Amino acid sequence: MANFPARVHVILARESDSAIILRRGPSKSVCTIGWDRKHDTFELGQWLKGRIYERRCDLSPDGRHFIYFAMNGNWWGKAKGSWTAISRSPYLKAIGLWANGSAWYGGGLFMSNSKYWLNVFEYGHVVLSKPAELEEHTEHPFHESYGGESPGVYYIRLQRDGWELIEHAKNDANDHYHIFRKPLALGWYIVKTTHAENNVTEGQGSYYDTHRLLNPKLKVELDFPTWDWVDWDQNRERLVWVEKGILYASRLMRDGPDFVTELKDFNQMIFKAIKAPYEVVAEAQG
């Protein structure tokens with residue numbers, strides 16, 4: 001059996017130096033990791049034996065709360081085998097929980113530090129608990145709509161976070177490609193092509209992204225086909241990306257990325273049962 005690098009997806013908080021990292025591998029194990037971008041330190045959150053759909057997740061602007069859609073296939077359980085949850089980042093222990101029971105819709109977005117939107121539509125979730133400190137925003141946050149799977153949250157999150165949708169196409173196999181662009185420094189842009197394909201490639205999945213850097217003024221285009229994720233860390237004025245399970249950072253110079261630093265290798269992590277601190281407190285009070 002082929003040994004694939006860890007799949008790593010990152011969500012940067014919009015108003016703080018926090019981020020949350022979702023690290024998947026093997027395919028039925030996933031964990032969350034908190035990233036303090038100011039000091040480049042990392043805190044392991046919790047593991048889940050199942051799947052978290054990273055493209056249906058979001059982090060509150062202050063980095064304190066995390067919303068996610070997960071599945072473990074326990075269709076007879078309380079959460080009906082798949083669920084949307086809100087937790088205190090970087091942990092997974094739910095302070096808000098909605099049972100789903102399918103792979104459709106799920107997850108959501110934060111409208112502010114105190115308001116969230118659930119991606120439910122006609123596939124209504126069963127409310128098991130609601131977060132006392134947060135308020136639900138019931139209106140759809142954008143005019144655009146991208147269906148009931150991962151693009152329905154992911155593409156809206158990208159546009160909210162400064163990515164401009166510049167092209168949409170599909171091929172004869174009905175595979176869809178959306179191209180987004182985000183401005184950086186010194187005339188550079190990140191160009192992200194999001195793929196939604198019917199034929200799954202082993203170790204990759206139906207949904208994946210490819211990236212390149214473009215500088216129209218210099219007429220320079222740099223292709224980075226092995227970058228799984230990339231964004232601009234505005235507070236640190238640096239490019240950050242994931243390649244083969246490793247997180248990197250770099251200054252962006254006139255000729256492209258330079259002074260590359262390896263921040264963290266996530267490949268050798270193994271499952272470990274961990275309780276969230278607020279879960280332990282609740283048990284002690286209880």
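How many disulfides does the count come to by the distance rule? With a disulfide taken as a pair of cysteine sulfur atoms within 2.5 Å, the count comes to 0. The structure is a predicted model, in which local features need pLDDT of at least 70 and side-chain atom pairs count only at pLDDT 80 or more, whereas totals for chains, interfaces and linings use all residues. Residues are numbered from 1 along each chain as its sequence is written, and side-chain values use heavy atoms, with hydrogens and water left out.

The cysteines C31 and C57 illustrate this result. The closest cysteine sulfur to that of C31 belongs to C57 and lies 13 Å away, which is too far for a bond. C57 is likewise in no disulfide, its nearest cysteine sulfur being that of C31 at 13 Å. Accessibility was classified as buried (under 20% relative accessible area), exposed (over 50%) or partly exposed in between, with a 1.4 Å probe and protein chains only. C31 is buried because its relative accessible area is 0%, and C57 counts as buried at 0% relative accessibility.

Secondary structure follows DSSP runs numbered from the N terminus, with helices (H or I) of at least four residues and strands (E) of at least two. Strand β8 (residues 82-88) has 6 of its 7 residues buried, so this strand is largely enclosed by the rest of the structure. Strands are considered paired if DSSP finds at least two bridges between them. Strand β7 (residues 65-71) runs antiparallel to β8 and is joined to it by 7 bridges; M71 has S82 of β8 as its bridge partner. β8 also pairs with strand β9 (residues 94-99) in the antiparallel sense, over 5 bridges, and S87 stands opposite A94 in β9. A hairpin is formed by β8 and β9, with 5 residues between them.

W35 belongs to strand β3 (residues 29-36) and is buried, its relative accessible area being 2%. Polar contacts were defined as pairs of N or O atoms within 3.5 Å; within protein, one atom must be able to donate a hydrogen and the other to accept it, and residues adjacent in sequence count only if both atoms are side-chain atoms. The side chains of W35 and D40 are joined by such a contact of 3.1 Å.

R37 is placed in the loop between β3 and β4 (41-49). This residue counts as buried at 3% relative accessibility, and its side chain makes a polar contact of 2.9 Å with the side chain of D233. Leaving aside neighbours within four places in sequence, the residues in contact with R37 (heavy atoms within 4.5 Å) include L12, D17, D233, N235 and R238.
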